[in-house]
Amino acid sequence: IHAQASSLADHGIIVTKRANLQGHRLYQRGVFDIQDEASQLIIHAIPSNCISVIDYCAGAGGKTLQLASTLPHHATIQACDVRKQALTELQKRVKRARLPRVTVHQLEPDREPTNMQSADCVLVDAPCTGSGVLRRHPHNRHNMAGDALHRIQHLQTQLLHRAATRVNPHGLLIYATCSLLPSENEQQVASFLCNHPEFTLEPIEDWWPAGSVTVGHRGFLRTDPFNHGTDGFFAARLRRTR
């Protein structure tokens with residue numbers, strides 16, 4: 001397989017020519033998984049000694065697997081989503097990667113699972129327009145018009161509010177999207193902070209590894225295809241102060 005090391009993600013490998021990765025024996029044994037380079041950067045926002053994490057919008061589990069392979073062996077990881085099909089795929093990937101410490105919870109639209117615990121870090125990789133992945137999914141352009149955009153932004157606001165209740169005192173809330181739109185990113189964070197004074201923004205300069213490639217913009221993590229050769233990705237780290 002023709003590949004090279006990522007200049008952004010510490011454990012990232014960039015495949016430079018087409019290859020049947022999912023058919024490879026190492027993939028089937030759970031040795032590696034497939035994820036965009038920009039998405040792998042979110043791990044820097046989560047302290048390496050964190051022992052309890054909720055992946056609140058886990059989907060099929062790309063970031064869940066990354067967390068489970070990076071955090072301490074005694075760390076607990078709860079993966080959640082409203083989509084049953086996505087969680088079924090996540091469970092298959094967890095089994096293939098042999099990560100039994102990941103527990104899976106299906107969220108209901110109007111209530112939280114009774115058996116889900118709060119955590120020191122809650123990651124909300126929120127549903128979004130997908131404007132940052134248009135190069136691979138051009139149909140996402142339909143999400144950026146009128147009512148569709150409004151519905152997505154309303155959902156993001158709801159998810160942030162619900163996830164905030166699961167953050168332990170002095171814990172972290174990480175908000176991320178694969179969008180380039182300020183209305184889904186910086187403006188969502190600003191609105192959340194206005195309504196939740198118990199949280200404060202921790203600028204990327206405080207947690208991004210020294211000496212690494214710069215991906216910060218006005219205190220946030222932000223990448224785009226033109227400047228970084230990756231998907232468009234945004235992340236903010238918020239600290240619960242009380």
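These entries cover a strand and its partners, then the salt bridges.

**Entry 1: the model.** I noted at the start that this is a predicted model.

**Entry 2: strand β4.** I began with β4, residues 76-81. Is β4 enclosed or open? I found 5 of its 6 residues buried, so the strand is largely enclosed by the rest of the structure.

**Entry 3: neighbours of β4.** I looked up its pairing with β3 (residues 52-55), which is parallel over 4 bridges; here D55 stands opposite A79. With β5 (residues 102-106), β4 pairs in the parallel sense over 5 bridges, and I77 faces V102 there.

**Entry 4: salt bridges.** How many salt bridges are there? I got a count of 10. One of them joins R96 and D33, with the closest N and O atoms 2.8 Å apart. R96 lies in helix α3 and D33 in the loop between α1 and β3, 63 residues apart. R96 counts as buried at 18% relative accessibility, because the cut-off is under 20%. D33, at 29%, counts as partly exposed.

**Entry 5: R237 and E202.** I also checked this salt bridge, at 2.8 Å from N to O. The pair links strand β11 to strand β8, 35 residues apart. R237 is buried at 10% relative accessibility, and E202 is buried at 16%.

Notes. Residues are numbered from 1 along each chain as its sequence is written. This is a predicted model: local features need pLDDT of at least 70, side-chain atom pairs count only at pLDDT 80 or more; totals for chains, interfaces and linings use all residues. Side-chain values use heavy atoms; hydrogens and water are left out. Buried means under 20% relative accessible area, exposed over 50%, partly exposed in between (1.4 Å probe, protein chains only). Helices (H or I, at least four residues) and strands (E, at least two) are DSSP runs, numbered from the N terminus. Two strands pair if DSSP finds at least two bridges between them. A salt bridge is a side-chain nitrogen of Lys or Arg within 4 Å of a carboxyl oxygen of Asp or Glu.
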